[in-house]
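Mentor: Let us work through the model by question and answer, with each answer ending on what was asked for.

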Amino acid sequence: MTRAESLYNRLSPQFAGFLKEHSKRCTTERMTILRYCCNQRKRITYAYLRACAEIDHICLQSIYNTMELLAKANIVVREQDNGTPIPSFAVQMEKRNTIRLICTKCKRVEDFKDKLVYDRLKLRKYRNFNIKYYTATVYGECKNCKKLRVHGKSNTNDDGV
């Protein structure tokens, strides 16, 4: 079973339960859009979803509505890209106490755990606040993009959004 399949199998019952709890229909279109999100390892953009949805004849309004529902269900999280008003999305961290690295060039996303960060946060005393868990997003340049930049090649994102 691939990572995407495993993620979909974990999130689809959660999404179906959320839809039922909020008196929304659990449609094939909505579940297909969730599958698109689980398959994407980079940021999830409307351009990516539009391209996927054309194959399955899913309208743009269904994409927008479903992404809103996925965000309300805490399955995806909105991420504002630097300087652009159009949001992108990422599937919520599969595990807590995770650091998410996002390449600002190719939009590659990598998640990892760092126990030292959690231990340091727990040691720190915050006024009127008790830390239960953390997630952090760090923006930078991945080694592949850095290598391309050093060798004078371009690695631009062609999402069109």
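Trainee: Which accessibility class does D119 belong to at 32% relative accessibility?

Mentor: This is a predicted model, in which local features need pLDDT of at least 70 and side-chain atom pairs count only at pLDDT 80 or more, while totals for chains, interfaces and linings use all residues. Residues are numbered from 1 along each chain as its sequence is written, and side-chain values use heavy atoms, with hydrogens and water left out. A residue is called buried under 20% relative accessible area, exposed over 50% and partly exposed in between, with a 1.4 Å probe and protein chains only as cover. Since D119 has a relative accessibility of 32%, its class is partly exposed.

Trainee: How many residues apart in sequence are the parts tied together by R78 and E68?

Mentor: The count of salt bridges comes to 2, and one of them joins the side chains of R78 and E68 at 2.2 Å, N to O. Because R78 lies in strand β1 (residues 76-80) and E68 in helix α4 (residues 60-72), this pair ties together parts whose separation in sequence is 10 residues.

Trainee: What relative accessible area does E68 have?

Mentor: R78, the other member of that pair, is partly exposed at 38% relative accessibility. E68 is likewise partly exposed, and its relative accessible area is 33%.

Trainee: How far apart in space are K72 and F18, C-alpha to C-alpha?

Mentor: K72 lies in helix α4 and is exposed, with a relative accessible area of 58%. Although 54 residues separate K72 from F18 in sequence, the distance in space between their C-alpha atoms is 8.9 Å.

Trainee: What is the order of the strands in the open sheet of 3 strands?

Mentor: Two strands count as paired if DSSP finds at least two bridges between them. Strand β3 (residues 98-103) is joined to β4 by 5 bridges in the antiparallel sense, whereas β3 and β5 run parallel over 6 bridges. The pairing of this open sheet is therefore mixed, and its order is β4-β3-β5.

Trainee: Which strands stand at the edges of the sheet?

Mentor: In the order β4-β3-β5, each edge strand has a single partner, so one side of each is left without a neighbour in the sheet, and these strands are β4 (109-113) and β5.

The strand between them, β3, is mostly covered, with 5 of its 6 residues buried. To return to what was asked, the edge strands are β4 and β5.

Trainee: Which residue in β4 is the bridge partner of L101?

Mentor: Towards β5, R100 stands opposite T137. Towards β4, the bridge partner of L101 is E110.

Trainee: Which residue in the hairpin of β3 and β4 takes a positive phi?

Mentor: Most residues other than glycine have a negative phi, and most peptide bonds are trans. The hairpin has 5 residues between its strands, and the residue that takes a positive phi, near 70 degrees, is K107.

Trainee: What phi does N74 have, although it is not a glycine?

Mentor: N74 is found in the loop between α4 and β1, and at 51% relative accessibility it counts as exposed. Its phi is positive, at about 60 degrees.

Trainee: Where is the place of S23?

Mentor: S23 is another residue other than glycine with a positive phi, here about 55 degrees, and at 68% relative accessibility it is exposed. Its place is in the loop between α1 (3-21) and α2.

Technical notes:
Helices (H or I, at least four residues) and strands (E, at least two) are DSSP runs, numbered from the N terminus. A salt bridge is a side-chain nitrogen of Lys or Arg within 4 Å of a carboxyl oxygen of Asp or Glu.
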